[in-house]
Amino acid sequence: MTDGRGETPRRTGMTEKCGVVGVSLNGRDAARPLYYALYALQHRGQESAGIVTHDGFQQHSHVEMGLVGDVFEEDDLDMLNGAAGVGHVRYPTAGSVDSCCAQPFSVSFKSGSLGLSHNGNLVNADEIREELAAAGHAFTSDGDTEVIAHDLARNLLEEDLVRAVKRTMGRIHGSYSLTISHDDTILGVRDPQGNRPLCIGKLEDGYMLASESAAIDTLDGELVRDVKPGELIVLQEDGAGFDSYQLVEEEHTAHCFFEHVYFARPDSVIDETLVYEARRNLGRKLWEESGVETDVVMPVPDSGRAFASGYADAASETTADGEPRDADDDGVEFAEGLMKNRYVGRTFIMPTQDERERAVRLKLNPIKSTIEGKTVTVIDDSIVRGTTSTQLVQLLKDCGAEEVHVRIGAPAIVAPCYMGIDMATREELIASDKSTAEIRDEISADSLAYLSTDAVAEVLGKERIDLCLGCVTGEYPYDIEGEETDRDVSRPEVGEQAIHADD
Ligand code: AMP
């Protein structure tokens with residue numbers, strides 16, 4: 001992917017960590033349900049928001065930079081006619097941050113119109129872009145989503161819908177969960193390794209597709225199931241059902257474990273696992289693997305909360321040595337010792353280190369009485385640059401904590417994410433070149449422990465090879481220039497696979 005000036009942007013900056021949704025209803029306009037669903041997915045992207053609908057004759061689009069609540073006025077929603085549509089929220093990244101990359105991407109061509117929402121990141125967008133450009137396709141953005149839209153538009157001139165999607169899936173590689181409107185038909189597509197989530201929901205008068213099931217709950221719908229890796233879902237136009245086409249099959253999946261650890265809402269069910277439960281179980285494992293007896297255990301709000309509650313639960317049952325507790329031993333006290341100012345944005349996206357440090361202090365304030373004179377374990381989901389932990393340990397010690405132990409509900413992040421999570425460059429990651437002991441010293445903690453990678457796989461009920469663990473192992477499930485892989489990434493010919501439909 002180039003940045004429009006012919007330069008290759010920072011890899012981590014071009015990631016597309018987003019939320020997608022698609023709705024097909026029986027008669028009722030889709031705009032408001034799409035709007036509410038986007039609200040439920042706001043945590044997946046705060047840079048831009050958009051909706052594209054189709055009323056059977058014409059496509060309507062409203063896409064702008066900003067939060068969902070700011071992008072849409074009553075009038076905008078009134079204009080978005082039609083019972084079918086797709087929506088998108090886009091994550092702020094360090095790459096090209098301008099309106100050309102806001103989605104859904106819409107295009108009209110000879111055999112209809114397309115609206116495309118994409119979550120993920122392709123690894124071969126450059127090749128396809130060059131080929132399409134040579135064939136006369138003009139590109140208006142530097143995003144890989146436009147590459148998918150053009151490829152699909154070209155295939156739709158020659159093939160029926162299902163075959164056209166299949167052909168595009170045979171050409172694009174990488175991570176993609178897509179919701180697509182082709183005129184008033186809504187499609188959902190998940191890449192053959194199922195890297196990013198996508199699920200199907202049943203509404204009172206139709207069906208929907210969404211990155212996370214929390215969006216389905218918001219519309220009082222029912223989660224039907226996840227879209228399977230390599231599957232195309234076509235929502236029926238009268239909202240009566242959906243058709244499924246298993247277009248590509250691969251031996252192993254590459255589900256992103258970090259969705260469960262940090263990114264997804266705790267109230268979402270992803271790949272049949274409730275995220276909240278997964279986080280609590282990761283916390284339990286953390287106690288089993290590296291529990292330390294302290295007076296109190298407290299979460300870093302909100303990211304560490306479910307982990308800390310699982311950790312404290314496990315700590316009330318067994319000692320740090322794994323022995324059952326005596327009846328008169330209450331174990332470790334769980335306390336909310338850190339209060340969060342919910343009006344401060346994510347520290348992560350502050351551009352300078354100085355601002356990031358200030359933001360941690362603005363965001364978190366300790367309750368002195370729960371800390372003073374005590375030994376404290378503080379629990380978070382992850383350490384990225386180390387800013388939060390460094391500031392926190394200092395803060396707790398300033399409040400009179402006698403010891404501060406840090407426990408992290410995921411393995412150390414040692415390498416960047418190329419598949420959609422904006423996670424900093426390798427140089428910025430504290431664990432990319434430091435051991436756990438060195439990090440402990442750098443953050444001035446009395447002890448530090450991370451969760452093991454095997455524990456993550458066990459809790460998520462998957463083999464390691466079926467997860468994308470690139471950021472914690474440095475080995476990726478994709479062919480990424482200059483990086484190691486953890487599997488055979490030679491690209492299989494898609495071939496003629498059986499196409500079947502079911503409800
Ligand atoms: P850091 O302060 O750089 O070590 O970042 C760690 C904090 O950032 C933790 O509290 C995490 O919950 C949070 N975090 C982890 N990954 C991300 C991400 N991709 N975007 C924003 N925040 C994150």
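# Notebook: a walk around cysteine 18

I began at cysteine 18, which touches Arg44, His88, Val89, Arg90, Tyr91, His118, Asn119 and Ser211 once neighbours within four places in sequence are left aside; contact means heavy atoms within 4.5 Å. Before going on, I noted that this is a predicted model, where local features need pLDDT of at least 70, side-chain atom pairs count only at pLDDT 80 or more, and totals for chains, interfaces and linings use all residues. Residues are numbered from 1 along each chain as its sequence is written, and side-chain values use heavy atoms, with hydrogens and water left out.

**Still on cysteine 18.** I placed this residue in strand β1, residues 18-25. Helices (H or I, at least four residues) and strands (E, at least two) are DSSP runs, numbered from the N terminus. Is cysteine 18 buried or exposed? Cysteine 18 is buried, because its relative accessible area is 0%; buried means under 20%, exposed over 50%, and partly exposed in between, with a 1.4 Å probe and protein chains only. I also looked in UniProt, where an unreviewed entry lists Cys18 for "active site". UniProt positions follow the numbering used here, feature names are shortened, and annotations may be inferred rather than shown by experiment.

**Confidence.** I checked pLDDT next, the predictor's confidence in each residue from 0 to 100. The chain has a mean of 90, and 91% of its residues reach 70 or more. Residues 1-15 stay under 50, and the model has 39 contacts for them beyond four places in sequence. Residues 493-503 are also below 50, with 29 contacts beyond near neighbours in sequence.

**The ligand.** Which residues come nearest to the ligand? Of the 16 residues around the ligand, I found Asp380, Asp381, Arg385, Gly386 and Thr388 to come nearest; a residue is near if one of its heavy atoms lies within 4 Å.

- The side chain of tyrosine 91 has an N or O atom 3.0 Å from a ligand nitrogen.
- The side chain of serine 303 has an N or O atom 3.1 Å from a ligand oxygen.
- Threonine 387 has a polar backbone atom 3.4 Å from a ligand oxygen.

Taken alone, the ligand exposes 500 Å², and the protein buries 95% of that. Helices α8 (257-263) and α12 (387-398) are the elements that give two or more residues to the shell around the ligand.

**Aspartate 271.** I found aspartate 271 in the loop between β15 (269-270) and β16 (273-274). Aspartate 271 counts as buried because its relative accessibility is 13%. Its side chain makes a polar contact with the side chain of histidine 255 at 3.1 Å. A polar contact is a pair of N or O atoms within 3.5 Å; within protein, one must be able to donate a hydrogen and the other to accept it, and residues adjacent in sequence count only if both atoms are side-chain atoms.

**Arginine 426.** I found arginine 426 in the loop between β22 (403-408) and α13 (436-442). At 29% relative accessibility, arginine 426 counts as partly exposed. Where does its side chain make a polar contact? The partner is the side chain of glutamate 483, at 2.8 Å. Arginine 426 and arginine 385 are 41 residues apart along the chain, with 9.7 Å between their C-alpha atoms.

**Isoleucine 216.** My last stop was isoleucine 216, in helix α7 (residues 213-218). Isoleucine 216 is buried, at 0% relative accessible area.

Notes:
Accessible areas come from the Shrake-Rupley method with a 1.4 Å probe; for residues, only the protein chains shown count as cover.
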